[in-house]
Amino acid sequence: MADYKWPDAQHRTLIGTRQSRLDGPVKVSGRAKYTYDQNPKGLLAGAILRCPHAHAKVVSVDTSAAEKIPGVKAVQVLQGPGKEVHWAGDEIVALAAINEGIAEDALRAIKVQYEVLPHFVDDATEPKSAAEETGPLALDDLINMFSNQVPEPQISSTVQKRGISFPVTDDLVKRMRSFNVGENVIKALQSAPQKSPESTRSPFKKSAVNVTGDPDQAFKTAEATSEGLYGVPVITHCCLEAHGVIAHWPDAEHLETQVSTQNVCGMPDQIAQALTGIGIPISASNIRNRQQHVGGGFGSKFAADRWSLAAAQLSKKAGGAPVKIMLDRRAELEVAGARPSAYAHVKLAAKKDGAITAWDSQSWGTGGPLGGNMPPIPYIFTEIPHQRKQHISIATNIGPARAWRAPNHPQAAVLTMCAIDDLAARLGMDPFDVFLKNLPLTPRANVYEAELRKADELMQWKKRWHPRGDESSGPMKRGLGLSIHTWGGRGHQGAGDLTIHPDGTVEYRSGTQDLGTGTRTAIAMVIGETLGLPLNAITVKIGDTNFPHDGGSGGSTTIGAVSAESRRAATDALNELLAKVAPTLGVAPDQLEALYGTIRVKDTQGKSITWKKACSMLGATGVTAHGQNPDPSKPPDLTNSGVGGAQMADVSVDVETGIVRVNKMVAVQDCGLIINLKTAESQCYGALIMGISYALFEEKIMDPTTGRMLNPNMQFYRLAGYGDIPELVVHMMTGPGYDERGVIGLGEPPVVSPGAAISNAVANAIGVRVPFLPITPDRVLAALEKKGGAA
Amino acid sequence: MKSVEIVVNGVERRAQVEPRMLLVHFLRDVAGLTGTHIGCETSLCGACTALLDGRAVKSCTVLAVQADGHSVTTIEALASEGQLHPLQESFWEEHALQCGFCTPGMIMCASDLLGSNASPSDREIREGLSGNLCRCTGYQNIVGAVKSASRKMKRRTAATAAKK
Ligand code: FES
Ligand code: FES
């Protein structure tokens, strides 16, 4: 009988190979249907009127003129009189009409009066006079900690220390469980002291000082210290397919949705709860959500969002007709995704040989109206013996925060790796040596060392590195920078059903989704591997809540989940099949194996039957097996957590214009057992380019006067294009020491380091740190001017 | 309302359209060809690229009435007789896509490029496609795919010439 484990390297037929994606043909021929492309019969065009003010109270809403426009089928006020709006672009009224043009005309006929309130959008300036927070946590503070991915032990201790000002209802507990909040946090909340809420709320919330060891003493006795200012602004996700939804009611009790989402199975619960809350009672089991393809998510498409509810409400009002709402690009950039900012003054103390002894940081940042938490700093070098940290969370009207690939890690990498690079410059040492020297302060020194050495080989770092400031003549200065990163990536909870039909066809069904990473293909590879069949013999059906429930694609958890589920399901189904055919081959089932489209006796030549013949013995219904992850009853755990990666950047900076060009990037990455090498490498290539994009171009620029985003379009919210891609070298750490760890996700890790590596390379080139990303020409010139000109 | 006649993928389409209707909406909503995507609606991303009289245009920047009397080719017509076009094949083989939302626009733009330059260099490919954005981002592999398609097309042309 086959076991629940990954095959050894010498026995793999598909796993670890390079396979072209199964959905390639539909995607390259324009036949793949995204939410945006679904045009069911009788479709109504939905549109949303958005608030033009960054902070305001709705005074009155008059939709009467809009309702009278011929072709308008339903109007729904989303935030009526008395509601306070916290960012520009927030949803006020939704309506549905027979076409987009009429919907737009109708929006213009709506009259809304606002009481404009003061706004605040400056997150980059250090809030000097903020007082330390001690009072009880409001519900907003809790949600804020969740959305900023504060580690659960930290949430528990904060809750216990400061108390809470809101009741922990059963409903709240249920909701937290549905978002996989840990039981320890729930317990901490239930036993937290109840206090009355704080009366005044400043935009600044200063955390208590967090001290490890004796930082004062360590700085006093340090052989060397360095100090710097670093920062990463709010950026947006800018998915090429905007957020959107189609909703319709086939009958009064049932709702069908097609949300552009990275969380197909998460939609019914969220939508049911929200609709019930606004007077449209429905149970999650009466909601079906589907999605075949999604045009990007990057962390911004987990929630059902207000527009999904609006589409359901409008459809209900319009007699159940399908209503489609897609965000336009302005709304997409203003409201549908903001990565929290992080800025910090960091001081480091070290010995002369580069060994870091102490860390001191004063950090601040925003994730919108709920503030922004401290990224995990010092990043990776968590064992620095003496530390002092304090963080100020700033509530702003910048827009709502959403998880962005590797939440908080790219920020933490910039604040930490740039500080270490500055320390190396201060000591006159090669940062490569300083990083190596301090690897014992990290949780996986061996992996990082192997990766840094590999990166050195691919970049020729040791041969090419020069001390800070390129001394060569002429305006073009060249420099090298590096960074390391980490991520978890264990497979989430999920399941799938595998059926082997009597005609030999194989079908797998799961409610998971393919964000573009190649989920379908990975599943088919695992099943093909297990059953000894070629890739094209496997049909994979995903993206439907009628299939077994699978988790959202976030935090690099999908590949672990789907590979483990499908491996278990295929193993069980195969074992049933082997039991059926064993008598025919005259051996015990555990003497059989499935390979090259046959079922054959292990270690003997010739004794075999074809896959098709074997399946014909299954009886009329075939066999169906259920696989899930995790499944403690079927050990071992097939997925794992915790990877490391190292990246190096080679840049040229024109000190006359301030323009930075990346010449080459090297990414060395481990992720356990790789299923599809082709798609794994593609994740790294994509992440490097996305990293170059946020390092050099991306920023949600806010107008202090109006509180609105100044660049809500793709002309001024600049993404990296063809002209910006350098030579990219990707090396995956595979083989012994890596493979046997099991499958670990890869979506997040490679996007963490580019910002830090590029910033360090720029400093190495021009001899001075450009404190904040993106490293735009004006910032380069300003940094040079402060330093007194180029070298 | 204006009446227009546009030949889309070889089929003549007549329709009454509002003067403000964009060509991309004509293709998607009137002709039902949703392979031409909408990313930005402001001529910046290239997701909506189609061929107008054989040349690549961003169809969100052309009004349907401007295309009256002209012919348009969309991604759906690139494959012939169920056989993927070499560009489509190469995008697939070289993994030049992740989410795939930018892909139809990229391929249509690349087909225009290869039409005027059968063997573009890396640099020419980057320049030729510079109006198209990919967020996922496949640029590295897209350049590789266009090169591989150009080699395939040259081989096929040579093979057809040899037969004659
Ligand atoms: S949709 Fe036409 S260029 Fe973006
Ligand atoms: S593949 Fe997603 S935008 Fe290009």
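In chain B, the contact between the two domains involves 14 residues of domain 1 and eleven residues of domain 2, where a contact means that the C-beta atoms, placed from the backbone, lie within 7 Å. On the domain 1 side that touches domain 2, the elements giving two or more residues are strand 3 (49–52) and strand 4 (55–58) of chain B. Strand 3 of chain B supplies the largest share of that side, three residues. Helices (H or I, at least four residues) and strands (E, at least two) are DSSP runs, numbered from the N terminus. By type, this side of domain 1 of chain B splits into seven nonpolar, six polar and one charged; here Ala, Val, Leu, Ile, Met, Phe, Trp, Tyr, Cys and Pro count as nonpolar, Asp, Glu, Lys and Arg as charged, and the others, Gly among them, as polar.

This is a predicted model, in which local features need pLDDT of at least 70, side-chain atom pairs count only at pLDDT 80 or more, and totals for chains, interfaces and linings use all residues. Residues are numbered from 1 along each chain as its sequence is written, with chains lettered from A and ligands numbered from 1 in the order in which they are written.

As for bounds, domain 1 of chain B covers 2–77 and domain 2 covers 86–163, as given by an automatic or database domain assignment. Their C-alpha centres sit 22 Å apart.

Over in chain A, helix 9 (residues 267–277) packs against helix 10 (residues 305–317) at an angle of about 60°, with the axes 10 Å apart. Axes are lines fitted to C-alpha atoms, for helices over the stretch in contact, and angles run from 0 to 180 degrees between N-to-C directions. Ile271(A), Ala274(A) and Leu275(A) of helix 9 meet Ser308(A), Leu309(A) and Ala312(A) of helix 10, a set with five nonpolar residues, one polar and no charged.
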